[in-house]
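Reader: I would like to go through this structure with you, term by term. Could you set each value against its definition as we go?

Author: Gladly; here is the structure to look at together.

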Amino acid sequence: MKRLWIYCLAGFGMAACNTGTAKKELTTGTWQASLHRADGANIVFNFLVKDTAGKKVLYVLNATDKLLVDDVKVAGDSVFIKMPFFDSDFKARFTDGGSLEGQWTRHLADKDVSIPFTAKPNTAERFPKGAAPEQQVTGRWVTTFVDKEKDKTSTAIGEFKQMGDLVYGTFLTTTGDYRFLDGSMDGDTLRLSTFDGSHAYLFKAVVKKDSIVNGRFFAGIGDHVEDWSAVKNDTAKLPDERTIATMKPGQSKLDFTFPDMNGNKVSINDDRFKNKAVVITLMGSWCPNCMDETGFLSEWYKKNKDRGVEIIGLAYERTPDFEKSQKALTGFLNRFNVQYPVLITGVTPADPEKGEKTLPQLTAIKGFPTTIFIDKKGNVKEVHTGFSGPGTGDHYEQFKADFERLITQLLES
């Protein structure tokens, strides 16, 4: 019991787990959780607690997505939850009413950042039930985000589906999607949120017939806020993902060598990759869209590797330190049982020269993931920036069909 007391104090200073406190249990069922921003724009989400094989696990719920979190520990009146990706965790304690209060912490490369967290059991709603919907938001919306602090404007395509007062959707951009957004209509007010251990977003706006106005986008632990608005346009499209990054004029082949997870040097010129179609994915364990793509690629590779196809992951982690990058990647790759080589570039995604330092044959690296398709002769045929994951619905289905079609073309070339 003495060890438990020390563990609780070291793990979470405000936890009151001690030798005189009986162990409490997480209530099974659906919880409503909230991250409490200093500006009052609380980011809400739900999670489901289950008993599995004699232990508690939980699933973070966003629209149709259920993210399994199986590292859950209860010690006295304290709860420790480690997210499976993105190096973040919750440390909380039970209140007298059986709810939780504590902190969510993200462990970044150079510092830790935290935000207060609360959760209450037996609460399936995400947002409080509001007025009957006055507007219908189903459809495609050309969206403009304005970051006044940075004097920056960006565009996206919002895609939403409304069922009564419930709304699911996402925003698609040239560098990926916002994954699974979950929310509701309250009169003419749209509310959406998501949480996955990295993304922690809240969107609010007023919906008119063919426009969305007075939008506010609250992102993450700090005080980041953007204005947003949208116009309905069911024929809107993003720029071609194949034109955002390309091979430089006169270049047709890549040439790189980086260490794998065990420190062994691996080159695109190794015999393993000769006379095969090769898919290169530029990714990182910090990247939610990379998580979605890795899930797809891992399953696809297991079923198709005997067709003469290889996949190589090039990891751009938050630190150039090999051992720290290796540690961050290990859980990420184990979760998806990745069987293709993942190489550690030693270059961070924030490095403005990351392209020149790792793949100088490319014009640039504009986003993560970026996927490069190479034919059996070693020639780069296409470069795709971004990824339309499962949260994008039909776009994800189209991606899978296009991926298979392109692989077949590479194998026949």
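Reader: Why is Gly183 called buried?

Author: Gly183 has a relative accessibility of 3%, and buried means under 20% relative accessible area, with exposed over 50% and partly exposed in between (1.4 Å probe, protein chains only). Gly183 therefore counts as buried. One word on the source: this is a predicted model, in which local features need pLDDT of at least 70 and side-chain atom pairs count only at pLDDT 80 or more, while totals for chains, interfaces and linings use all residues. Residues are numbered from 1 along each chain as its sequence is written, and side-chain values use heavy atoms, with hydrogens and water left out.

Reader: Where is Gly183 found, and what is it in contact with?

Author: Gly183 belongs to strand 14 (residues 181-186); strands (E, at least two residues) and helices (H or I, at least four) are DSSP runs, numbered from the N terminus. Contact means heavy atoms within 4.5 Å. Leaving aside neighbours within four places in sequence, the contacts of Gly183 are Arg126, Phe127, Asp165, Leu166, Val167, Arg191 and Leu192.

Reader: What makes Arg126 buried?

Author: Its relative accessibility is 7%, so Arg126 counts as buried. Arg126 sits in the loop between strand 9 (112-120) and strand 10. Beyond its neighbours within four places in sequence, Arg126 is in contact with residues including Asp182, Gly183, Phe45 and Asn46.

Reader: How do you know that there is a disulfide?

Author: A disulfide is a pair of cysteine sulfur atoms within 2.5 Å. The sulfur atoms of Cys287 and Cys290 are 2.4 Å apart, and a disulfide joins these residues. The structure holds one disulfide. The link of Cys287 and Cys290 is right-handed, with 80° about the S-S bond, and both cysteines are buried.

Reader: Which residues line the largest cavity, and of what class are they?

Author: Phe45, Phe47, Leu58, Val60, Ile81, Met83, Phe90 and Phe117 form the lining. Ala, Val, Leu, Ile, Met, Phe, Trp, Tyr, Cys and Pro count as nonpolar, Asp, Glu, Lys and Arg as charged, and the others, Gly among them, as polar.

Reader: What about the largest pocket?

Author: The largest pocket has about 1,600 Å³ of space. Of the 44 residues that line it, the closest to its centre are Thr175, Tyr178, His199, Tyr201 and Trp286. Strand 11 gives the most to this lining, with four residues. By class, the lining of the largest pocket has 21 nonpolar, 13 polar and 10 charged residues.

Reader: Why is Asn275 called exposed?

Author: Asn275 reaches 66% relative accessibility, so it counts as exposed. Its phi is near 60°, a positive value in a residue other than glycine.

Reader: Is Gly386 buried or exposed?

Author: Gly386 has a relative accessible area of 7%, so it is buried. Leaving aside neighbours within four places in sequence, Gly386 is in contact with Thr174, Thr175, Gly176 and Pro369. The peptide bond from Phe368 to Pro369 is cis, with omega near -5°.

Methods. 1 Å grid on protein atoms, 1.4 Å probe; cavity = no way out; pocket = protein on both sides within 12 Å on 5 of 7 lines; lining within 4 Å. Points joined across faces, edges and corners; volume = space filled by probe spheres on them.
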